[in-house]
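User: I have a structure to look at with you. Can we go through how its parts meet?
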Amino acid sequence: MVDVDKVLDDAGLSNEAVRDYVKHWAEHLQPDRIEVVSAADDSRLIEEALAAGEIQPAGEGLYYSRSYSKDTARSEERTIVATSREEDKGVYNNWRHSDEIRPIVEGHMKGAFAGKTMYVIPYLMAPPGSPSEKYAAGVEITDNRTVCLHMIRMARVGIDLINNLAEPDHFVRAVHVTGDLPNLGQGTPEDKRYFVTVADERTILHFGSSYGGNALLGKIAHGLRQAAYDGWRSREFLSEQFMLLGIKDKETGKQWHVCGGFPSASGKTNLAMTLAPDALGDRYHVSFYGDDIAWLWVDPDSGELMGLNPENGVFGVAKDTNEKTNPTALDSIAPGSQALFTNVAYNDQTHEVWWEGKTPERPADTAGWIDWKGERIADRSPDEAGDPWAHPNSRFTTSLANVPNVAADYNDPKGVRIDAIIFGGRTRDREPLVRAITDLAEGVYDGLTLGAEATFAAEGVEGKLRYDPMSMRPFMSYAEGPYAQHWLDIVGAAKHQPIFAHVNWFQRDAGDGHFLWPGYRENLRALLWLCQFKDGEVTGRQTAVGVIPTEDELGMEGLDLPQADLDRILDIDIERWREEMGHRQEHLEQFPNLPEEIWVAHRRVAEALDQA
Ligand SMILES: Nc1nc2c(ncn2[C@@H]2O[C@H](COP(=O)(O)OP(=O)(O)OP(=O)(O)O)[C@@H](O)[C@H]2O)c(=O)[nH]1
Ligand SMILES: O=C([O-])CC(=O)C(=O)O
């Protein structure tokens, strides 16, 4: 048995509550060694991981790793929110009583670190000194060195962050056990994986994965699920799957901050990292704050709605990331950035990485190339020739500081004032490019009825049309009725109300399926219109479902679009919308205790459509 006190003394970990937690879990998990990890340990951990073959070199200061082939995305079915309060059961949170589920997961975890090192990762999900700091501290325990490397990039990691907490016991207990991946029955009735957030005990217990949100517990499990629960129970803040960006008009000096939710793998990273299109670059500067999570609250002194990104890094989808779609992402993973790539294709001779859409064609010479399953491309049979080289949910992990247009104040614990909140997703018809909503309840209603095609970020759901309220469906931690009320309460308390909008970059031509809007950098045009509309500089065209830009207002300089496509994305298909309202009604009826304001908004939109 390891002398835990000695390890913690040597590491300088003095918080007694954390020490007790580590001792408790050391007893349960039975590791051979314990190591406390700080960001300063990164280069040593990298060397060790290279020596152990857990990662491979991928160019100067870049690394590649592969997860087990049945462990490449979040499993929504195996993800559970547990509490001791039946009233926390929602439609989407997969609620179970903690007394029932805790013993099951803990049973799987018993003795699981035998022969292994237990890494203890003290972290903060927020810049130190932020008003949400109380909810930001956590300590992840893991048996996986690559998880440590990811956490160092994604969170602020260090012993000093946890030693001097104002309330030493107020930290999230986050336990991650990889498990015997080839023997977990992933996706079968014998599935042994459990990804449980015991929200009212601020404890996260994840068993059976080493990938992404299943394993980096600061990110989604704490930063989103636990934080959403904490924000609601304390009535202090919202935690949402939102990107956050800033836009500055260099001519007038005006600045706006826009945050918003799109379901996983629907373009948050790309939008947050966007640069102004060339034709608008002299006038507008876009700065990056965050691509996946935002915490929102009202500042008690100024009364303003504020937001910040609790993360310290980006876990971005590799697919289709290239010079044209996202040059800033490529800069953020340039040689020397210490970025990690997971489940992309790798060349073990040249140490290059590749993914679908990185270049228009695959590398012509297949020598040395290995696909995401670890198989040699050169050995593929003819019927496998067309299979992707990289997994569609392959990712790059890099620190915020590597993003070239990261905002100067991204680390400011005060956060930034939020001017606009947008919702969007992959919707092949019906949803126009952008429609603005000025009323709070109607904005929240729009978020709750966000319908989009599911993506490859979760197992087995790609392409299915489904409602994904506020893009939080996989991350909901309490019931939807109170969730809607909490939104109305928090945002409603702000002195200046943000404008809401629904955006869609993914409308397609019904005939040949091409995207009607070029997307990516051009998306800024829709956001600029929204900011101008908020400031009363343009008036748009009122429709039953919000205000949409006129063609002149959209600002199309430097962009040539077929007139028919432009007409389509700036129009409302009334018939299709009328049909949609019935589905929305059914969707909302699932949620008990939905605030009356939301129903009023629903009826108002339905009536406006009837009269249109
Ligand atoms: N057609 C089109 N595709 C886009 C656009 N923006 C992003 N994409 C593609 O959508 C995929 C996912 O984009 P991301 O920006 O990584 O999505 P995300 O929402 O940050 O994903 P998570 O990290 O899973 O939450 C990538 O393959 C992008 O290339 C766009 O404006 N138009
Ligand atoms: O959780 C993950 O593995 C990746 C992620 O960011 C998402 O799905 O939104």
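User: How many salt bridges are there between domain 1 and domain 2?
Analyst: The count is three, a salt bridge being a side-chain nitrogen of Lys or Arg within 4 Å of a carboxyl oxygen of Asp or Glu. The side chains of R466 and E76 form a salt bridge, at 3.0 Å from N to O.
User: What are these numbers based on?
Analyst: This is a predicted model, where local features need pLDDT of at least 70, side-chain atom pairs count only at pLDDT 80 or more, and totals for chains, interfaces and linings use all residues. Residues are numbered from 1 along each chain as its sequence is written, chains are lettered from A and ligands numbered from 1 in the order in which they are written, and side-chain values use heavy atoms, leaving out hydrogens and water.
User: Where do the domains run?
Analyst: Domain 1 covers 4–54 + 74–235, domain 2 covers 240–313 + 409–611, and domain 3 covers 315–400; the bounds come from an automatic or database domain assignment.
User: How many residues does each side bring to the contact?
Analyst: Domain 1 brings 39 residues and domain 2 brings 37, with contact meaning heavy atoms within 4.5 Å.
User: And how much area do domain 1 and domain 2 bury?
Analyst: About 3,300 Å², 57% of it on carbon and sulfur atoms. That is the accessible area (1.4 Å probe) that two parts lose on being put together, summed over both.
User: Which residues in domain 1 lose the most area to domain 2?
Analyst: R74, Y92 and L224, together 25% of what that side buries.
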